[in-house]
Amino acid sequence: MEPLYGPIRDYAWGSRSAIALLQGRAVPSAGPEAELWLGAHPGAPASVDRAGLRVSLCDLVRDEPGQWLGQRVSERFGNRLPFLLKVLAADAPLSLQAHPDAEQAKAGFAAEQARAGFAGERNYSDPHHKPELLVALTPFEALCGFRDPAESAEALAAFGVPALTPVVTALRGGPAGLRTAVRALLGWPVAQRDELLGSVLAASADGPDAELVRRLAKAYPADPGALVALLLHHLRLEPGEAIWMPAGNLHAYLSGCGVEIMAASDNVLRGGLTPKRVDVDELLRVLRFEVLDDPVRAALPVGPGVDWWPVPVDDFALHRVCVGAEVPSVTLPLPGPRVVLCSGGSITVDDGAGALTLVSGEAAIGTAAGEPLRISGAGEAYVATSGLR
């Protein structure tokens with residue numbers, strides 16, 4: 001195993017404490033720290049040491065795919081690491097967003113590439129899908145997936161704002177009305193958004209739904225995404241609980257710190273709650289207007305000290321390992337490339353090519369040629385691999 005050094009992205013919504021505390025650094029950090037990237041995505045690749053120099057993992061995977069990926073992963077995904085492991089830390093709400101499926105991403109990327117004279121921010125930075133799984137490290141708050149439209153209709157009706165009547169009527173028609181409701185809210189005329197949100201905020205409605213709208217409207221004034229939030233499940237995860245975000249699933253993270261694993265893509269379609277580019281038409285094209293019954297995924301034990309969260313894609317798999325007095329070591333026969341993040345305590349990881357000790361916030365990577373991964377010590381780790389078995 002080799003040390004893996006991941007860059008930290010300084011997005012404005014990031015925390016000034018969570019990642020610093022994880023890595024044992026002084027708090028508060030100099031600026032917001034939103035995401036620690038541990039992968040080979042060209043947007044912010046991690047690196048390893050080579051003769052005293054930091055070398056991009058992107059370059060190593062490209063130049064030595066057989067060693068880093070192995071034959072099966074290379075044949076399935078090409079010469080690229082198919083997953084990206086992150087630590088995400090949010091002190092403010094993220095954008096209301098969704099990700100395309102594989103076919104949509106491929107077509108959208110090709111269409112933008114073919115447009116003569118295309119300039120500006122793209123919807124599709126690559127031809128890959130981006131399903132995601134997030135596991136909470138701290139109490140974590142998120143919006144994820146459409147809830148029962150009848151519940152959303154009553155939440156909006158409680159404000160008593162006449163302008164919302166067509167949206168409430170559409171939602172009372174069941175899941176078939178979700179598209180109409182989302183289009184109406186996100187497409188609200190810009191000149192009338194202040195008036196709409198002002199009327200909602202002035203209403204006497206009380207309860208968690210009203211408080212959520214007020215909170216989001218304070219962070220993003222005159223943004224109708226604050227009302228679209230009421231169409232989604234409002235989740236509060238405890239550490240170890242996870243949410244699964246398949247393609248076409250509308251979601252937004254609100255607060256907390258978690259370990260996130262995803263297919264290695266940066267394709268995001270935003271609809272609101274952001275100062276970044278919004279493309280409502282394209283978002284509506286990729287959304288799946290169906291009720292998501294239960295977005296929360298519980299960890300499944302697969303052996304002493306080892307849990308995982310099964311997902312229906314082969315780009316990635318995520319395991320959590322806890323070692324200590326009761327379980328001094330575990331061995332994981334996981335093929336392909338492996339990225340290990342220590343999330344607490346101190347652990348030793350050994351893939352037969354060399355043992356390495358990690359403390360909280362440190363990471364390591366092993367090649368596809370390594371032996372089964374052995375983890376020992378007293379701590380917690382997350383192990384990311386491809387989902388191929």
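This is a predicted model: local features need pLDDT of at least 70, side-chain atom pairs count only at pLDDT 80 or more; totals for chains, interfaces and linings use all residues.

Reader: Is strand S8 covered or exposed, and how many of its residues are buried?

Author: Helices (H or I, at least four residues) and strands (E, at least two) are DSSP runs, numbered from the N terminus. Buried means under 20% relative accessible area, exposed over 50%, and partly exposed in between (1.4 Å probe, protein chains only). S8, residues 132-136, is mostly covered, with five of its five residues buried. Glu132, Leu134 and Ala136 point one way and Leu133 and Val135 the other.

Reader: Which strands pair with S8?

Author: Two strands pair if DSSP finds at least two bridges between them. S8 runs antiparallel to S11 (residues 242-245), joined by four bridges, and is also antiparallel to S12 (residues 251-263), over five bridges. Leu134 has Ile243 as its bridge partner in S11 and stands opposite Glu260 in S12.

Reader: Where is the cis peptide bond, and which residues have positive phi?

Author: The cis bond joins Val27 and Pro28, with omega about 0°; Pro28 is in the loop between H1 (18-22) and S3 (35-39). Ala222, not a glycine, has phi near 60° and is partly exposed at 24% relative accessible area. Leu273, also not a glycine, has phi of about 55° and is buried at 0% relative accessibility.

Conventions. Residues are numbered from 1 along each chain as its sequence is written. Side-chain values use heavy atoms; hydrogens and water are left out.
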